[in-house]
Amino acid sequence: MSLGESATPLGKVEGLGSSHHGGHHWLEERFTSVALLLLSLWLIFSLIMLPVLDRAMFREWLGSAWGAVPMALFVIAAFKHGVDGLKVAVDDYVHDEGNRIATHFALDMAGIAGAAASLFALAKIAFGAA
Amino acid sequence: MSSPPNPRPLSPHLTIWRWGPGMLVSILHRVTGGAITVAGLAILGWWLAAIAGGDESYAKFAAVAGHPAGLIVLAGLTWAFWQHFFSGLRHIVLDTGAGYELKINKFWAMMTLVGSLFATALTWYVLLGVGK
C-alpha cells in the first residue's frame, strides 16, 4: 500500500514499530502499573504490620478476605505486568519475527502457569484447605 | 514482515548512549523490572505454595529465605522493587508530557535512585528492627 500525502497520521504509523500493536499493549502496561502502585504498597505495608512472619500468621492473614482478595489481585496484576514488560524488551532485542512471536508465546505460557499455580495455592490457603 | 519497505530504526543500545542519570535510570528500569519479574515472582509463587503445602514445605522455604544468601537476594529484590516503583512513577508523569526540561528531568532521575535506597533501608529496618 502506498501512502500518499492524503494519508492520515494514524494511517502512516499503523502496523509499523516493533510490535505492530503497541498502542493497546502500551495502555495495558500503564493500567497494570497503576494497579501495582497500590497493590505493592498494600503488600509491603501488610507484611510490615504483621506481628510475626511465620506460616501460622500468613495462613490467618490470607484466610481473611482482606488478605486473600488483594493478594489475588496482586498476583494477577504482577504476572500480567511482568510478562508485558518482558515482551517490550524482547521486541527491542529479538529482530527475527518468528523468534519474536515464539518468545512472546513462551512468556505468555510461563506467566499464565505461574499465576495459575500461585492463585491455586492462595485459594487453598484462603479456603482453609492448607 | 521479514523485509519492511522502509527499515524501522532499531532500539538504542547501551553502547551508543553517554552515561548520565536519565540513561542510568532508564536501563535500571528494565533491569530491575526483569529481576522482580523472573526472580521476584518465582519467590512469590514458591512462598504461596510453601504456605499451602504444609509445615514441612514451609520450613524448607523459610530455611532458604532466612539464610544469609537468601536475605541478600531478598534485600536486592527489595531495592529492585523500589527502584522500579519510583522510576515507574516518574514514567507515568513523563507519559503526561511533563518533566522533560533538562534540569528537572535529571533531578527526578537522581531522586528515584535516592528514593529507592532510602525506601529499601527503611523497609528492612522496620522488618528487622521490631524484633521479627
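1. H3(B) crosses H4(B) with right-handed geometry (right-handed if the near helix is turned clockwise from the far one by less than a right angle, left-handed if anticlockwise). The model is predicted: local features need pLDDT of at least 70, side-chain atom pairs count only at pLDDT 80 or more, and totals for chains, interfaces and linings use all residues. Residues are numbered from 1 along each chain as its sequence is written, with chains lettered from A and ligands numbered from 1 in the order in which they are written.

2. Helix H3 of chain B covers residues 68–95 and helix H4 of chain B residues 102–129; they pack at an angle of about 140°, axes 8 Å apart.

3. The H3(B) side of the contact includes B:Trp79, B:Trp82 and B:Phe86, and the H4(B) side includes B:Trp108, B:Gly115 and B:Trp124 (in contact: C-beta atoms, placed from the backbone, within 7 Å). By class, the residues are seven nonpolar, eight polar and one charged.

4. The largest nonpolar core has 25 residues (buried Ala, Val, Leu, Ile, Met, Phe, Trp, Tyr and Cys joined through C-beta atoms within 7 Å; buried means 20 or more other C-beta atoms within 10 Å). H3, H4 and H5 of chain A and H1 of chain B each give two or more residues to this core. H4(A) gives the most, eight residues.

5. A:Ile125 is among the core residues with the most contacts inside it. Beyond its neighbours within four places in sequence, A:Ile125 touches residues including A:Arg59, A:Leu62, B:Ile51 and B:Ala52. Another core, of six residues, lies apart and includes B:Ile36 and B:Phe81.

Conventions:
A residue is buried if 20 or more other C-beta atoms lie within 10 Å of its own, exposed if 12 or fewer, and partly exposed in between; C-beta atoms are placed from the backbone. Helices (H or I, at least four residues) and strands (E, at least two) are DSSP runs, numbered from the N terminus. Two residues are in contact if their C-beta atoms, placed from the backbone, lie within 7 Å. Axes are lines fitted to C-alpha atoms, for helices over the stretch in contact, and angles run from 0 to 180 degrees between N-to-C directions. Ala, Val, Leu, Ile, Met, Phe, Trp, Tyr, Cys and Pro count as nonpolar, Asp, Glu, Lys and Arg as charged, and the others, Gly among them, as polar.
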